[in-house]
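Here is a brisk report on one chain.

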Amino acid sequence: GLERLNVAANRIGQAGVGQLVRVVGRCKRLRELNVSRNLFDKKAAVVLFRCLCKCPELQTLDASRNPWGPKVVKRWAPLLAQASTLLSLNLMRCEMGNDGAAALAAWLPLCGPLCMLDLSCNCITAAGAVALAKALPSCASLARLYMTGNFVDHEGHSAIMQHAPARLALKL
């Protein structure tokens, strides 16, 4: 009956993710998971996201402060399209850059019930912001987008403001 699990700041590696996946796989009522600050490597991140996308009730995922970079984000972003119950996703400080933002932008139209997305402090510039902006009109449930601490210039801000639905609360 576990509904919340916080394993933040435990430096879980490949072996630790295997154990975590076994536990999470048995937690059919898991609604909130915090795996922030664990320094997962690429393989561990993909294994974890593959498992999480199958959690039937997962609503909140905090995966912030894992320095994955754009290559890792590109690998697991398509898996998030399978997360049909995810409402809140925190990816702050994951070092995704523009390529990672573009990978997420490709997934966002399939985001289902996602209401909150935090992409703060990810080295995103105008190019990444424009890619994200183009996906925003297709995100029916997205109500809050956080992008503070990035390097988005006037062009990126304008693109987001132009494409963002009126209901979307932005923190740029």
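## Fold and selected residues

The chain carries 6 helices and 7 strands. The model is a predicted one. From the N terminus, the elements follow the order β-α-β-α-β-α-β-α-β-α-β-α-β.

Overall dimensions come next. A compact globule of 172 residues would have a radius of gyration near 16 Å, and the chain, at 15 Å, agrees with that. Along the principal axes, the C-alpha atoms fill a box of roughly 45 × 25 × 20 Å.

Of the 172 residues, 48% count as buried. Take the contacts between residues at least 6 apart in sequence: 85% of them join residues at least 24 apart. The chain exposes about 8000 Å², and carbon and sulfur atoms supply 52% of that area. There are 21 positive and 10 negative charges, and their mean positions lie 7 Å apart.

**Asn-38**

Asn-38 sits in the loop between strand S2 (32-34) and helix H2 (42-52). Is Asn-38 buried or exposed? Asn-38 counts as buried because its relative accessibility is 0%, and the cut-off for buried is under 20%. A polar atom of the Asn-38 side chain lies 3.0 Å from the backbone oxygen of Val-7. The backbone oxygen of Val-35 also has a polar atom of this side chain at 3.0 Å. The table lists these two pairs.

| Side chain | Backbone oxygen | Distance |
|---|---|---|
| Asn-38 | Val-7 | 3.0 Å |
| Asn-38 | Val-35 | 3.0 Å |

Which residues touch Asn-38, leaving aside its neighbours within four places in sequence? The contacts are Val-7, Ala-8, Ala-9, Asn-10, Arg-11, Ile-12, Arg-65 and Asn-66.

**Helix H4**

Helix H4 spans residues 97-107. Its buried residues are Gly-97, Gly-100, Ala-101, Ala-103, Leu-104, Ala-105 and Trp-107. What covers them? The cover includes helix H3 (69-76), strand S4 (88-90) and helix H5 (126-135).

**Gly-25**

Gly-25 belongs to helix H1, residues 14-26. With a relative accessible area of 30%, Gly-25 is partly exposed, because that class runs between the 20% and 50% cut-offs. How far apart are Gly-25 and Cys-55 in sequence and in space? They are 30 residues apart in sequence, and their C-alpha atoms are 7.2 Å apart in space.

Definitions and conventions:
Residues numbered from 1 in each chain as written. Predicted model: local features only at pLDDT ≥ 70, side-chain atom pairs only at ≥ 80, totals over all residues. Heavy atoms only, no water. Helix = DSSP H or I, 4+ residues; strand = E, 2+ residues; numbered from the N terminus. Rg over C-alpha atoms; globule rule 2.2 N^0.38 Å. Buried < 20%, exposed > 50% of the residue type's maximum accessible area, 1.4 Å probe, protein only. Contact = heavy atoms within 4.5 Å. Areas by Shrake-Rupley, 256 points an atom, 1.4 Å probe, with all protein chains shown as cover. Lys, Arg positive; Asp, Glu negative; His and termini not counted. Charge placed at Lys NZ, Arg CZ, Asp CG, Glu CD. Polar contact = N/O pair within 3.5 Å; in protein donor to acceptor, adjacent residues only side chain to side chain.
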